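Student: I have a structure to look at and would like to know how its descriptions are reached. Could we go through some of them together?

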Amino acid sequence: MLSKMIRQCKLHRVQIVQQYIRSSVSNTTTNYENIRFDSISTAYGYKSKSELFRGWLVFKLCSYKSLVNHLSQLLAISNTILGQRLFGYIMRSTLYGHFAAGTDKHELKQVAERLHKHGIKLILDYCMESDLANSKQQKTNEEIYDENMLRALKNTQTAAELYSPSEMTATKITSLVSPDILQKLNQIIEEQESSNTLSIFELASKASIINKEELLEVEHFLERINRIIQEVKNHNGRIFIDAEQSYFQTAIHKLVLELQEHYNRDRFIVYNTYQCYRKTTLDTLRKDLIHAKKHGFNIGYKLVRGAYMDQERKRASKLHTVDPIHPNFAATTESYHRAFIETLEYAKNNNNKVHVFVASHNENTVQFALKTMKSMNIKHNDGLVSFGTLLGMCDYLAFPLASVGCDVYKWAPYGPIDRLLPYLTRRAQENRAIFAKAEKDRQLHFKALKEGIKN
């Protein structure tokens, strides 16, 4: 009997998704253009021949599994052997030049102006992060995190200069607190009852694994993140708090929800991130939507598949723990699509007090989002749904979307090359892991390059 009920529930979910897709074909109340995601003139017309060649080369390199698997070690060795100057030149000609927006405000402004002409805005991310694996090799005193806070404040000011009054920035929690402290906070929260209403600081102050010195670090960390968000608020901006590894994410997520409840009363300021490859994400999102409705605040977030797959699987295997992410791509996609549908249903029933970013490089998911929006009579300019891709990835999705009036952003990491190495490594690994996506990016770059040479 139980197995029969489970099968019926699964069938019901499938029927809901199919109903939305079928209704999108016949519903004509919203004028959704037929968007072509293979137009090289739309997607790559703004690029020079050298940029097209660099893009093709980068995606070609990303397709070599052995190269990408050892990329971190290769970059470190190359930097040591070649020296900073030559290494920097090679990186600008390959990974850094393709995926990063530059090292300073001057370079960033040039990228922002080029994309703005095509209706695409930037989400500025001055890359700062740390992890348990390298925390012992870095300075861990409070001065480092204070410096990172100042960089985040500067990032907000830079965004305001480029895009005021609607700038968006992004930051990582691991740039503002010791990874060891954050992991302890994560452990404390995971051990609590889900109904616990205490704040992160209250939980930390009651926990036996946090000593007085560490509790002071937690207090300073909370002061940093609140100062950053207050600066964002002062500039009438918005900020994404990025998701990170599972051994940090429960603490990060609780913190962001607390910040949203405090700051998102009258408008959207703080945005969360939901990693749909995590098995718990869909239930977490549902609970958060209920919480937002109950406490009367706006809830904004981006839906992503997830960027730490390799690391999460290796860690789970090494520690002999349960893998926190879905077993395959199909399960992750189902989680993503369900999360999007339930977001739109929440918007319809709660006066659009939600703003979701479809942060996906998967063409089928973007198509699904458009069809679902059409079936629910949600227009491009309703302010409910935005689309986002990473700089250097899937221009064939972003530019056609922007050309028909969709709200489109590019996540734009910038900063010194050495700070972006962990980010660049993940970008290469993501392209290798989702090979079909990289294949289309590479083919379209090559096709656009050939067309450019002919002309």
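Tutor: What follows is a set of questions on helix packing and cavities in this predicted model.

Student: Why are H11 and H13 called roughly perpendicular?

Tutor: Helix H11 (residues 179–190) and helix H13 (residues 212–234) pack at an angle of about 95°. Angles of 65 to 115 degrees count as roughly perpendicular, so H11 and H13 are given that description.

Student: Which residues make the contact of H11 with H13?

Tutor: Ile181, Lys184 and Leu185 come from H11, and Glu214, Glu217 and Val218 from H13. By class, this contact has three nonpolar, no polar and three charged residues.

Student: What makes H17 roughly parallel to H18?

Tutor: The axes of helix H17 (residues 329–349) and helix H18 (residues 363–375) cross at roughly 25° and come within 11 Å. Angles under 35 degrees count as roughly parallel, and therefore H17 is roughly parallel to H18. The crossing is right-handed. Residues in the contact include Tyr336, Phe340 and Leu344 of H17 and Phe368 and Met373 of H18. The contact divides into seven nonpolar, four polar and no charged residues.

Student: How many cavities of 30 Å³ or more are there?

Tutor: The count is four, and the largest cavity has a volume of about 40 Å³.

Student: Which residues line the largest cavity?

Tutor: Among them are Tyr126, Met128, Asn155, Thr169 and Ile239. Helix H10 (142–163) and strand S2 (168–171) each supply at least two residues of that lining. The lining has six nonpolar, four polar and no charged residues.

Definitions and conventions. Residues numbered from 1 in each chain as written. Predicted model: local features only at pLDDT ≥ 70, side-chain atom pairs only at ≥ 80, totals over all residues. Heavy atoms only, no water. Axes fitted to C-alpha atoms, helices over the stretch in contact; angles between N-to-C directions. Helix = DSSP H or I, 4+ residues; strand = E, 2+ residues; numbered from the N terminus. Parallel < 35°, antiparallel > 145°, perpendicular 65-115°, else oblique. Contact = heavy atoms within 4.5 Å. Nonpolar A, V, L, I, M, F, W, Y, C, P; charged D, E, K, R; others polar. 1 Å grid on protein atoms, 1.4 Å probe; cavity = no way out; pocket = protein on both sides within 12 Å on 5 of 7 lines; lining within 4 Å. Points joined across faces, edges and corners; volume = space filled by probe spheres on them. Left-handed = near helix turned anticlockwise from the far one by under 90°.
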